[in-house]
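Subject: Structure handover

Hello,

Here is the structure you asked about, with notes on what turned up in it. The notes follow directly below the model.

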Amino acid sequence: MLDFTLLYFFIPVFFIISITPGLCMTLSLTMGMAIGIKNTMKMMVGELTGVLLISITAVVGGGSIIANYPNAFEIFKYLGGGYLFYVGIQMWRNLGKMSLNIDGSHSFSQNGLELATQGFITAIANPKGWAFFLAMVPSFMNYDKPLMPQMFAMVLIILIIEFINHTYGMLEH
């Protein structure tokens with residue numbers, strides 16, 4: 001049985017968090033402008049898979065894992081930050097696979113798996129995502145009721161809102 005009161009509060013809170021500009025939204029917007037909607041949708045498969053992994057981890061007790069192994073989380077956080085720094089430097093130096101040339105042309109060479117992998121890594125390396133999910137999602141769970149239906153509903157809501165917001169961001173160019 002679902003606790004609809006908690007879900008009714010969760011939906012607007014998550015919507016506001018989702019529309020707040022972050023790494024995944026920036027990636028969707030940038031890719032939508034650079035490589036088009038069709039290719040960006042391939043990236044979104046990976047990004048939403050990463051969001052799915054993070055949200056499930058949070059619901060099943062990711063907070064307790066972090067509480068018990070804070071050093072592991074610190075290492076993960078710095079590795080994720082390092083990856084994002086590397087991607088930013090590549091874009092700044094115009095060396096990435098999606099780089100635009102000064103004349104406006106570009107040679108796009110990533111396949112669907114590479115795009116999905118980039119989306120996945122960006123999602124799981126996103127500190128905003130982890131912070132939100134680990135801090136907020138457990139507070140919207142009623143642990144006196146069966147967790148599986150609540151988890152399924154919450155994850156489905158998360159994926160739908162993320163898809164809608166990222167698709168809208170991608171189309172806004």
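Ser18 is part of helix 1; helices (H or I, at least four residues) and strands (E, at least two) are DSSP runs, numbered from the N terminus. At 4% relative accessibility, Ser18 counts as buried, where buried means under 20% relative accessible area, exposed over 50%, and partly exposed in between (1.4 Å probe, protein chains only). Beyond its neighbours within four places in sequence, Ser18 is in contact with Met25, Ile161, Glu162 and Asn165, contact meaning heavy atoms within 4.5 Å.

Two points on how to read all this. This is a predicted model, in which local features need pLDDT of at least 70 and side-chain atom pairs count only at pLDDT 80 or more, while totals for chains, interfaces and linings use all residues. Residues are numbered from 1 along each chain as its sequence is written, and side-chain values use heavy atoms, with hydrogens and water left out.

Overall fold

The chain has 8 helices and 0 strands, which read along the sequence as α-α-α-α-α-α-α-α. Of its 173 residues, 38% count as buried. Among contacts between residues at least 6 apart in sequence, 82% join residues at least 24 apart.

Helix 2

Helix 2 has 13 residues, which at 1.5 Å a residue should span 18 Å; the end C-alpha atoms are 17 Å apart, which agrees. The expected span here is 1.5 Å times one less than the number of residues. The buried residues in helix 2 are Cys24, Met25, Leu27, Ser28, Met31, Gly32, Ala34 and Ile35. Just after this helix, Gly36 takes a positive phi of about 95 degrees.

The cavity

What did a search of the whole structure find at 30 Å³ or more? The search gave 1 cavity. A cavity is a set of points, on a 1 Å grid over the protein atoms alone, where a 1.4 Å probe fits but cannot get out; lining residues have an atom within 4 Å of a point. Grid points are joined across faces, edges and corners, and a volume is the space filled by probe spheres set on the points.

The largest cavity has a volume of about 180 Å³. Its lining has 19 residues, and those closest to its centre are Cys24, Asn126, Lys128, Gly129 and Glu162. Two or more lining residues come from each of helix 1 (4-19), helix 2 (23-35), helix 3 (37-59), helix 7 and helix 8 (147-171). Helix 7 gives the largest share, 4 residues. By type, the lining divides into 10 nonpolar, 6 polar and 3 charged residues.

Asn126 lies in the loop between helix 6 (112-124) and helix 7 (127-136). Asn126 is buried, with a relative accessible area of 7%. Leaving aside neighbours within four places in sequence, Asn126 is in contact with Leu23 and Cys24.

Aromatic residues

Rings of Phe, Tyr and Trp (its six-membered ring) pair if their centres lie within 6.5 Å; planes under 30 degrees apart count as stacked, over 60 as edge-to-face and the rest as tilted. The count by this rule is 3 aromatic pairs. Phe10 is buried at 0% relative accessibility, and Phe140 is buried at 10%. Phe10, Phe14 and Phe140 form one aromatic cluster.

Other links across the sequence

Ile157 is in helix 8 and is buried, with a relative accessible area of 17%. Not counting residues up to four places away in sequence, Ile157 touches Leu7, Phe10 and Ile11.

Lys145 sits in the loop between helix 7 and helix 8. Buried or partly exposed? Lys145 is partly exposed, at 30% relative accessible area. Lys145 and Leu2 are 143 residues apart in sequence and 7.4 Å apart in space, C-alpha to C-alpha.

Regards

Conventions
1 Å grid on protein atoms, 1.4 Å probe; cavity = no way out; pocket = protein on both sides within 12 Å on 5 of 7 lines; lining within 4 Å. Nonpolar A, V, L, I, M, F, W, Y, C, P; charged D, E, K, R; others polar.
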